[in-house]
Amino acid sequence: MRVLVTGGAGFIGSNFVHLTLATRPEVEITVLDAMTYAGSRASLAGVEDRAEIVRGDITDADLVDRLVSQCDLVVHFAAESHNDNSLSEPWPFVHTNVVGTYTLLEAVRRHGRRLHHISTDEVYGDLELDDPARFTEATPYNPSSPYSSTKGASDLLVRAWVRSFRVDATISNCSNNYGPRQHVEKFIPRQITNVLDGVRPKLYGDGLNVRDWIHVDDHNRAVWTIIDKGEIGETYLIGADGEVDNRTVVHDILELMGQGADDYDHVTDRAGHDRRYAIDSSRLRTELGWSPEYPSFREGLAATIAWYRQHEDWWRPMKDATERKYALTQSVLSR
Ligand code: NAD
Ligand code: DAU
């Protein structure tokens, strides 16, 4: 079985490649990745003998057509993925997330291939902190940012191609991932590498925003569960009951790294900052039998801190440029 993994040099995609090669001897992989600032060849170190790595753009229709024709299954991770970037420069998000997904859909339609589309819980907008509700597959789409609106658009394209052209596709919408090989622009790796650099963590606004954390390996095991057992045309929410507010995450990181729990700064808030995400993954658990394997967020966080401590060679090349970019829009409001 040959699997085309788009975005396989990014955070979740590269972990998917490692997990798949470690657990599925029958699978061969082709990675299609544009190697943007978020893609890293180093994330695929050690897999070169079993994975073909193609540098290319998912909006390149000829390339996508050829690679799709040569595979049995497409797992589509490639995206512009960072909300802050989508606020400063939205166009690459429209280009990759919308036009790129359209390009893949047309190719899988022509060649009759199966597609699994990776999406996000952000398409549902946000919840109030005191709202007992969580997102389900029936929650209406209400995205807030350019990033989440382009992901919503990509989901709707997939649904339309299933209904109108009978494309064999499934969709998953997952909550916030953490784990190894995540770009240092994202919340958890940014704070871990700040502490390693002797810099105080940076919390947006009041820091009470809640995210529903899941380890990247649990996400990717859920993706395989949906590929193996999911119903064509259906959407599954993936989440591990991991709601934590950002201030608590920063406290935990500081404590696990031997610092004072209050040694962080409040900085300029993100425009339109979603307050809370929360996933109800009952459908995936009851219908397909998936459950997360990571025992707790704190244990996963400790393992992630250990990974960044041991892999400075991986994150150092991206750290300075990332912080220079943040410095243009963020200033310290209080300590
Ligand atoms: P990432 O930014 O780490 O990786 C994205 C990858 O896509 C990079 O390797 C990049 O080079 C590649 N890419 C970007 N534009 C491309 C293009 N035009 N053609 C080919 N490759 C291109 O992102 P991630 O965090 O690994 O997210 C992967 C997917 O999972 C995305 O679709 C995202 O929306 C979704 N998702 C992410 C999370 C999360 O918490 N990170 C949660 C739910 C869903
Ligand atoms: O919910 C799934 C989504 O999770 C994915 O679709 C996105 O691709 C992924 O980037 C992530 O989006 P968020 O915007 O939630 O993640 P981010 O890591 O950017 O921020 C997490 C929270 O931490 C959010 O409330 C903003 C806050 N934050 C972020 C940074 C970078 C800070 O307080 N300080 C920071 O320095």
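Q: How many nonpolar, polar and charged residues are in the shell around ligand 2?
A: This is a predicted model, in which local features need pLDDT of at least 70, side-chain atom pairs count only at pLDDT 80 or more, and totals for chains, interfaces and linings use all residues. A residue is near a molecule if one of its heavy atoms lies within 4 Å of it. Ala, Val, Leu, Ile, Met, Phe, Trp, Tyr, Cys and Pro count as nonpolar, Asp, Glu, Lys and Arg as charged, and the others, Gly among them, as polar. Sorted in this way, the shell around ligand 2 has 7 nonpolar, 10 polar and 8 charged residues.

Q: How far is a polar side-chain atom of Arg270 from an oxygen atom of ligand 2?
A: Let's look at polar contacts, pairs of N or O atoms within 3.5 Å. A polar side-chain atom of Glu122 lies 2.8 Å from an oxygen atom of ligand 2. For Gln191, the distance from a side-chain N or O atom to a ligand 2 oxygen is 3.1 Å. For a polar side-chain atom of Arg270, the distance to an oxygen atom of ligand 2 is 2.6 Å.

Q: What percentage of the area that ligand 2 exposes when taken alone does the protein bury?
A: Accessible areas come from the Shrake-Rupley method with a 1.4 Å probe. Taken alone, ligand 2 exposes 690 Å², and the share buried by the protein is 95%.

Q: Which element gives the most to the shell around ligand 1?
A: Helices (H or I, at least four residues) and strands (E, at least two) are DSSP runs, numbered from the N terminus. At least two shell residues come from each of α1 (11-23), β5 (114-120) and α5 (146-165). With 3 residues, the element that gives the most to the shell around ligand 1 is β5.

Q: Is Met35 buried or exposed?
A: Residues are numbered from 1 along each chain as its sequence is written, chains are lettered from A and ligands numbered from 1 in the order in which they are written, and side-chain values use heavy atoms, with hydrogens and water left out. Met35 sits in the loop between β2 (28-33) and β3 (51-55), and has a positive phi of about 55 degrees although it is not a glycine. Buried means under 20% relative accessible area, exposed over 50%, and partly exposed in between (1.4 Å probe, protein chains only). Because its relative accessibility is 10%, Met35 counts as buried.

Terms used. A polar contact is a pair of N or O atoms within 3.5 Å; within protein, one must be able to donate a hydrogen and the other to accept it, and residues adjacent in sequence count only if both atoms are side-chain atoms.
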